[in-house]
Amino acid sequence: MRLVVVGNGMAGSRLVSEVRARDPQMRITVFGAETCRPYNRVLLSNVLAGSSRPEQVRLLDPSWYDAHNVRAVFGSAVAHIDRETRHVVTADGRREPYDLLVLATGSDAVVPPIPGVGRAVPFRTLDDCERIIRAAGSARRAVVIGGGLLGIEAARGLAGRGLPVTLLHLAGHLMERQLDVEAGEVLGETLSGLGVEIRTGVSASGVEEDGVRLGDGELVEADLVVLACGVRPVTGLAADAGLEVRRGVVVDDELRTDDPSVFAIGECAEHDGVVYGLVAPAWEQAAVAADVITGGKGLYRGSRLVTRLKAKSVELAAMGETQLGEEQAEVVRFSHRARGTYRKLVIRDGRLVGVILLGESDAVGTLTQLFDRGGPVPGDRAGLLFPGLSSAPVADSPTLMPDAARVCQCNNVTKGQIRACWEAGARDVAAVALATRATTGCGTCRDAVEGIVGWLCEQEGVSV
Amino acid sequence: MPGSDVATKTHCPYCALQCGMEIGPGLAIGPRTDIPANASGALCQKGWTAGELLTNGRRLTTPLLHGEAVDWDVALDHVADRLAAIRAEHGPDAVAVFGGGGLTNEKAYSLGKFARVALGTSQIDYNGRFCMSSAAAASIRAFGMDRGMPFPITDLDEADVVLIAGGNVAETMPPFVRHLDGPRLIVIDPRRTQTAKLAWLHLQPTPGTDLALALGLLHLAIADDLVDEEYVAARTTGFDEVRTSLSSWWPERVERVTGVPVHQMRQAVRALAAVGKAYILTGRGAEQHAKGTDTVTAFINLALALGLPGRHGSGYGCVTGQGNGQGGREHGQKADQLPGYRKIDDPAAREHLAGIWGIPAEDIPGPGRSAYELLDALGTPDGPRALLLFGSNPIVSAPAADHVAARIGALDLLVTCDFVMSETAAMADVVLPVTQWAEESGTMTNLEGRVLLRRRAVTPPEGVRSDLDVIAGLAGRLGHTFETDPAAVFDELRRASQGGPADYSGITYERIANETGVFWPCPAPGHPGTPRPFLDRFAHPDGRARFTPVQHRPAAEEPDADYPVYLSTGRVLAHYQSGAQTRRIAPLVEAAPEPFVELHPDLAEQLDIAAGDVVRVSSRRGEGRAVARISDAIRRDTVFMPFHWEGANRLTNPALDPTSRMPEFKVCAVRVERDS
């Protein structure tokens, strides 16, 4: 069996590792357009912000390919698929036969057709990232066009490098696909506090020497302009080969295109009408495709989307259908804008279908898992939003504690036993310890025992 | 029962802390102050009440053959005849031996020698496989040697930060907590345990995700520039590959897998890295998984990246559980091992032992089955048909216990040595009543790697013999002469361990008594012992510690529609292991009378379960009943059951770690219902 993989990004490289983990024998050839080894795109924002080094985003060491008997061809773009003879053909004329072919061609940054856009740098690849960092070193002001996830991460990262940044966004609030209006506004306020000027509801009409010209003629000054205007699936190769392409390359639940020997995964694939732009779905697809390719059973049923902003001092998690209102679903909401806190749960049929958590929250892990698993939402909604709220510690003051309360765990001594011991004449911790062994294990109940003895002594004083 | 007139200095019969203890006239128990583990005079309730083990009326004092009292010669003759017959008909591997981590070093050594020399079987393993094997495998992989905590416990007193991954020392070994009084404590546990309640920071991951959490912590350490590059360059190898492998474990992904918020992970890593004196410890919570070895490796990788191991004042250690869990894994009752922590497939090791044992090296069998695989094979066409069981109660303590009971039931011959009628002894063809703890002498190696001396304090009851006597009695009937005096066995063990990683050759009973314990390796009589073995070099030939890249994967069994809840298992303070001892002590039974299921109020509400209800918990392997305890100390998706009673381990999953062969005790999928 000869497997050829076109694309060595997050989806393609993952697929190769997954297939190799399942089948040590299969002949695997992977083509990558970028000349370097694969890297984790998710971490590019950290690189831009300076919180990850470029070498930390590499997904595989160069030696991995030899060690795992995978042929990797870098810097050689596949230009053509010959489905009749089952070959891929590279731009330099090389023909590679396949039995199974996986397309993992990813997506390209959308570059808006405005004058001077060539002066701007898209934020998409590791090379882009390094270009932006170099430019930021000498720039005085930056503009980021696009207030989605990547744009915000880029703007925050540049601001963190000490650069004044303006973020331009066409929609009325930031991350409008993931957030409701209020959350978008609170996020904007948080970012403003971190040195990112937010301009929503504005369009860029051109990129000029001195900055970005807005639709209304205003010039927003900048000597570094970063584009984060979304991505577009790379589907040309598939379309030229006659495979069904809508927004992405259309695949079924086995990730097969309409040619059963050709698969597509990741950002170039369209499953059940959805093209995913996040890494988690791409990796879920890679695992299923690897199962199918190696002769196992696997079905992909779509992914639940969890968006987690990676920007220093901005904690944001958004998942599912966050925009639903009271008329469509049960909504639990807490807002405290002065602190940059906004929390929203959207519940339908007793299941969690949407979440926004803005501002640091211990609830994020629990809620993400509850959303992922689709399990029933507990009756205590407030407890979900505010972990710890419902579990106020039981009063351990000596007066309020019932006699049956266990004071010393290690030696199973109750308050009642300590009281009895006191009544029998013990007046300090040492005497209580001698009689009951309380405090002689881990020793952490010493203060509590002292408190009880002290309180009993006080009581005695009062009653005398 | 007669006690001696003066107090005898010895150690507690239970956990690996091996608290120093005095047994005085009238079996009065008190703490010693010369043993560092509990030098402040601490004991837990188990320790204080240990004297009742000696006076317990339900003590076995007569050999039983098919339930009938017989004298020793009849019993031993019968066993020896049957063993010889089974071996003659089916070959030496038809006879198996199963040991325990509570046995003294002398017994562990003798048992391993008995299996290899007198029985000629490769089929020997022990319950420590269920306990320490993952930590042991990971430590050997990283450091070239496994000495649980490679530093004295008192070093922890001076620490600034201690992270405990999957350990509940406040319940399992309470006096340990006194060494955590100073440091900031970080606890990783799916439950807010007594230990987690003491913590400065508690990370509460999904069961089975500790490995992902450790990867996330190391990812953050690298991202935040907290790696001790100088140490990594000077003292380790393999970091680059680990660094690359971590790029697919960014914190937000780890958060989604574990449920631990990113900001808590960051808080933990920064605390560990910000100070000079930090320790990372692992317990069974991280280790008892089908990926336990890799999980421990991930925590060791974190410790290495932060530059902790092999320095005075910081380090990595595992918190050994059973009383002789350390020594028990060193002297040859493990399927793949020879005394001195040698490997059984190492020709030099075989030559050395052949010399000590007076047999040709080629007569020493090769590696046998691991504990669960051994139990799983009992009574099958290719498996053992006879089993000799020492110091273990697998009917309660092995995973998939119903299956294990069926396998044990299929044996032609089961012989148990015990001092109480445990659940497994109750199934035996022959039960041999043996001495315990204060009735015999021997050495124990505690969780620090400190070799300690347990002294005989009382005369054993009429009719019982020590395990060493039983082993020698059987060996003699099979034509071999074995020592029965603990000191003589220890002398042989010293020679057998000489030159091995766990070298005891310089240790004597006298030295232990005079020095309140000696740390191994101690290769010569004049050698002071080695409290901190890695200060200058690690035990790999190049002296460096090894990073090994590891990847997280899901639990062997994840919840689904039929079994929607995670089960985790563990201990309670009042009981020890399978409870065979502690369930017979009245104050301990009063403190913890019955098995329970701990569940979160939200889960209880969904399942219509109230506190005190009897609950049926079922898995693909069996079911158990227990009383509901409702507590928000546990995650909503998880229930907890203690494993000291029959029940919990009927449910657990025998999926094995590929390296350590550790079963996945700590996570499986169950259904929970109110029992109507």
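User: Hi! In strand 14 of chain A, what is the bridge partner of Val207(A)?

Analyst: Val207(A) has Val212(A) as its bridge partner in strand 14 of chain A. This is a predicted model, where local features need pLDDT of at least 70, side-chain atom pairs count only at pLDDT 80 or more, and totals for chains, interfaces and linings use all residues. Residues are numbered from 1 along each chain as its sequence is written, while chains are lettered from A and ligands numbered from 1 in the order in which they are written.

User: Thanks! How many bridges join strand 13 of chain A to strand 14 of chain A?

Analyst: There are 4 bridges between strand 13 (residues 204-208) and strand 14 (residues 211-214) of chain A, and the two run antiparallel. A hairpin of 2 residues links them. On terms: helices (H or I, at least four residues) and strands (E, at least two) are DSSP runs, numbered from the N terminus. Two strands pair if DSSP finds at least two bridges between them.

User: Which residue stands opposite Gly211(A) in strand 15 of chain A?

Analyst: That is Glu221(A). Strand 14 and strand 15 (residues 219-221) of chain A pair in the antiparallel sense, over 3 bridges. Their hairpin has 4 residues between the strands, and Gly217(A) takes a positive phi near 95° there.

User: And what about strand 23 of chain A and strand 24 of chain A, parallel or antiparallel?

Analyst: Antiparallel: strand 23 (residues 330-336) and strand 24 (residues 341-348) of chain A pair over 7 bridges. Arg333(A) has Lys344(A) opposite it in strand 24 of chain A. The hairpin here has 4 residues between its strands, and Gly340(A) takes a positive phi near 70°.

User: Switching to chain B. In what order do the 7 strands of the open sheet come?

Analyst: The order is 5-4-18-17-16-6-7 in chain B, and the pairing is mixed. Strand 5 (68-69) and strand 7 (124-126) of chain B are at the edges with a single partner strand each, so one side of each has no neighbour in the sheet. Strand 16 (residues 386-390) and strand 17 (residues 413-418) of chain B pair in the parallel sense over 5 bridges. There, Phe390(B) has Cys417(B) as its bridge partner in strand 17 of chain B.

User: How many helices and strands does chain B come to?

Analyst: Chain B has 24 helices and 30 strands. Its C-alpha trace spans about 70 × 65 × 55 Å along the principal axes.

User: Why does the radius of gyration of chain B agree with a compact globule?

Analyst: Because a compact globule with 676 residues would have a radius of gyration near 26 Å, and chain B has 24 Å. That radius is taken over C-alpha atoms, and the globule rule is 2.2 Å times the number of residues to the power 0.38. Also, 64% of the 676 residues of chain B count as buried. A residue is buried if 20 or more other C-beta atoms lie within 10 Å of its own, exposed if 12 or fewer, and partly exposed in between, with C-beta atoms placed from the backbone.

User: Which residues have the most contacts inside the largest nonpolar core?

Analyst: Val226(A), Phe299(B) and Leu302(B), in a core of 287 residues. A nonpolar core is a set of buried Ala, Val, Leu, Ile, Met, Phe, Trp, Tyr and Cys residues joined through C-beta atoms within 7 Å. Helix 8 (residues 210-223) of chain B gives this core its largest share, 11 residues. Another core, of 49 residues, lies apart from it and includes Phe31(A) and Leu100(A).

User: How many residues of chain B are in contact with chain A?

Analyst: 38 residues of chain B are in contact with 40 residues of chain A. Two residues are in contact if their C-beta atoms, placed from the backbone, lie within 7 Å. Among the elements giving two or more residues to that side of chain B are helix 1 (45-48) and helix 8 of chain B.

User: Last one! How far apart are the centres of domain 1 of chain B and domain 4 of chain B?

Analyst: Over C-alpha atoms, those centres are 29 Å apart. In chain B, domain 1 covers 8-55 and domain 4 covers 565-674, with bounds from an automatic or database domain assignment. Between them, 8 residues of domain 1 of chain B are in contact with 9 residues of domain 4 of chain B.
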